[in-house]
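Hi everyone, thanks for coming.

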Amino acid sequence: MAGGMKMYGKHRFPGRLFIVEGIDGSGKSTQLMLLHKWLESEGYVVYFSEWNSSPLVRDVTKRGKKKQMLTPMTFSLIHATDFADRTEHDIITPLKAGAVVLADRYIFTAFARDVVRGVSPTWVRGLYEFAVKPTVSFYFRAPLDVAMKRILGGRDAIKYYEAGMDLGLSDDIEKCFELFQGKLIEQYEKMVDEFGLVPIDATRSIEEQQAEVRRIVMHALEGTKKTRIRRWLDLASLAKDSRA
Amino acid sequence: MARFSFFGEGLPGIDLEELKGKLIVLEGSDGVGRSTHIGLLKQWLENNGHAVLDTGMTRSPLAGKRLKQAKEGHTLGGIAMSLFYATDFADRLENEIIPALRAGFIVLTDRYIYSLMARAIVRGADPEWLREVYGFALKPDAIFYLRVNIDDLVTRVLQSTGFNYWESGMDLHMGEDLYESFVRYQRWLLGEFDKMVETYGFDIVDASGTVEEVFPRLRDRIQRIVERNGHAQ
């Protein structure tokens, strides 16, 4: 890759990149899954990308978290390392090939949690300058109490860093988690205008949210080729709603 | 006022006022004798009653082991590799270097952000971006740049370890064989180091002689740093 590090907003690819952001319990992963299904049924080639994907980096992250040896700075850098690997392998390659790339969480997750941990906002934005600018960034906006109700009780135990226990906001892990999520919301709200995130009201029904997401995505897909082979298309259309 | 400062946006939660020791960097290409000199300097400083921490790249408890594997397997791309090194460096800075400076040690470091930046630049990372990323690093008291020309370097490496894949920049596909690749890669790195001399105030040490010739030059300059009671750079 010598000689060519492209900066945010400067990449030009035939593909499209859609990302979802929001706190835990905002329902973003469900919405992305539904979008994924729909895009495939429409005949697009879809790639799905998530955090912590490269095995080498994942090992370091896991160990650092388990032994609680991460500082705000190393937490930030190890996640940026993983994201860079993901960008170079999982995102740029399919975008070049004209695919639709979907990402569950993106650089805005890092901006929110690193800044809450005390890392400089300008520094962390600079750190991710190599990221590809998404075609559309959806922000699933859920009030804290709504998100908390969806999460607590209905999932595995919350982990140390996930709850922001390293910030020492509270000794009680659930209380700490809630305080941490509240601070993340503040950061997301600041980024709506800064990065043109598209807010989706996550208190509405799943169907209403998905309809809005699909409308926006469909508009952004104009000019993107459907590259599925014919036979697959026919099969996909059978599974589609007959009224559509 | 604190003796130390950061290059840019610093580390969260660090009180610079608490840092009392000295931070001395030895830079220079592969095979130039950095680790030999650090060993001798440590001994000499300790004989004179100073507590010394010597440290180097890719040794952090957090990422050191995996970083070695990443190098060997060369599976990570250029930007990811640069950031992996930055993670490793941050871990050592926060968990080794800063605590030692707080305790009043003289920290001798075998390479610093300059080598990391030079390697990242030849692998395609943007220099301005790197400078921002490494804004969290402490400005050292002195940076000694052990400099040799490319011919001397080739001779030295042949005499000691031989060319290895990574030092030869083979991942960059720069030449037909290890020798050709090594020469082009190291020449490129030297060029990047030379560009940094003024920007970062490197103190150039001619390292082309024997250890016996080079060491006294280094020692005398470090003597002055150790006796000085001013700000770091």
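Before anything else, a term we'll need: a nonpolar core is a set of buried Ala, Val, Leu, Ile, Met, Phe, Trp, Tyr and Cys residues joined through C-beta atoms within 7 Å. And a residue is buried if 20 or more other C-beta atoms lie within 10 Å of its own, exposed if there are 12 or fewer, and partly exposed in between, with the C-beta atoms placed from the backbone. Also, please keep in mind that this is a predicted model: local features need pLDDT of at least 70, side-chain atom pairs count only at pLDDT 80 or more, and totals for chains, interfaces and linings use all residues. Residues are numbered from 1 along each chain as its sequence is written, while chains are lettered from A and ligands numbered from 1 in the order in which they are written.

Okay, the core. The largest nonpolar core here has 127 residues, and B:A86, B:V107 and B:Y114 have the most contacts inside it. Which element gives the most to this core? That's α3(B), with 14 residues.

Let's zoom out to chain B. Of its 233 residues, 43% count as buried.

Now the sheet. The five strands make an open sheet, ordered β2-β3-β1-β4-β5 in chain B, with parallel pairing. Two strands pair if DSSP finds at least two bridges between them. At the edges sit β2 (52–56) and β5 (203–206) of chain B, each pairing on one side only. From one strand to the next, the twist averages 20°.

Look at β3(B), residues 106–110. Five bridges join it to β1(B), residues 22–27, where B:L23 stands opposite B:V107 and B:V25 stands opposite B:T109. On β2(B) there are five bridges to β3(B) too, and B:T55 has B:T109 as its bridge partner. Is β3(B) enclosed or open? Four of its five residues are buried, so it is largely enclosed by the rest of the structure. Helix α1 of chain B, residues 34–47, lies across β1, β2, β3 and β4 (142–147), at about 170° to β3(B).

Last stop, the place where the chains meet. Here 33 residues of chain B are in contact with 32 residues of chain A; contact means that C-beta atoms, placed from the backbone, lie within 7 Å. α3(B) gives the most to chain B's side, with ten residues. That side divides into 18 nonpolar, eight polar and seven charged. For those classes, Ala, Val, Leu, Ile, Met, Phe, Trp, Tyr, Cys and Pro count as nonpolar, Asp, Glu, Lys and Arg as charged, and the others, Gly among them, as polar.

How do the two α3 helices cross? Their axes, residues 72–96 in chain A and 78–102 in chain B, come within 8 Å and cross at roughly 170°. Axes are lines fitted to C-alpha atoms, for helices over the stretch in contact, and angles run from 0 to 180 degrees between N-to-C directions. So α3(A) and α3(B) are roughly antiparallel to each other, the label for angles over 145, with under 35 roughly parallel, 65 to 115 roughly perpendicular and the rest oblique. And B:A86 is back again: leaving aside neighbours within four places in sequence, B:A86 is in contact with A:L77, B:L116, B:V133 and B:Y134.

Methods: Contact = placed C-beta atoms within 7 Å.
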